[in-house]
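Reader: I have a model open beside its sequence and would like to learn how to read it. Could you walk me through it?

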Amino acid sequence: QVQLVESGGGLGQPGGSLRLSCAADGSIFTVFTMGWYRQAPGKQRELVATVTSSGDTNYADSVKGRFTISRDNAKNTINLQMIGLGPTDTAVYYCNADILDSRFRRKEYWGQGTQVTVSS
């Protein structure tokens with residue numbers, strides 16, 4: 001069994017910062033690309049940032065310069081450091097990972113989602 005366990009999020013002040021973490025747990029052989037997506041009320045889920053196993057990153061234009069994704073391959077974890085938060089960052093944030101499990105089945109996994117609300 002493989003699962004993604006998210007933590008962090010909550011209420012952030014405009015201009016403030018928050019940190020999200022995600023750990024891939026279970027019978028894992030290899031974790032390929034990991035990332036964060038978000039879905040605001042009434043909108044489609046969108047990419048926030050991704051990081052490959054070699055450390056290559058990709059960011060949505062809306063978060064470039066404000067959000068930083070990092071990864072620990074040994075622990076199969078990623079973090080998303082968010083600064084300069086604004087109301088448009090309010091959304092449910094989902095961790096995503098492309099994982100090859102111990103039975104060599106490759107599948108895309110999603111976390112349960114964590115709410116980020118930016119408000120004064």
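Predicted model: local features only at pLDDT ≥ 70, side-chain atom pairs only at ≥ 80, totals over all residues.

Reader: Which residues touch the most other members of the largest nonpolar core?

Author: Residues are numbered from 1 along each chain as its sequence is written, and side-chain values use heavy atoms, without hydrogens and water. In soluble globular proteins, nonpolar side chains tend to be buried together. A nonpolar core is a set of buried Ala, Val, Leu, Ile, Met, Phe, Trp, Tyr and Cys residues joined through side-chain atoms within 4.5 Å, and buried means under 20% relative accessible area (1.4 Å probe, protein chains only). Here the largest core has 30 residues, and Trp36, Leu80, Met82 and Tyr93 touch the most other members. Strand β9 (91-101) gives the most, with five residues.

Reader: How many helices and strands does the chain have?

Author: Both are DSSP runs numbered from the N terminus: helices are H or I with at least four residues, strands E with at least two. This chain has zero helices and 11 strands.

Reader: Which strands does β3 pair with?

Author: Two strands pair if DSSP finds at least two bridges between them. Strand β3 (residues 18-26) is antiparallel to β1 (residues 2-8), over seven bridges; there, Gln3 has Asp25 as its bridge partner. Six bridges also join β3 to the antiparallel β8 (residues 77-82), with Leu20 opposite Leu80.

Terms used
Buried < 20%, exposed > 50% of the residue type's maximum accessible area, 1.4 Å probe, protein only.
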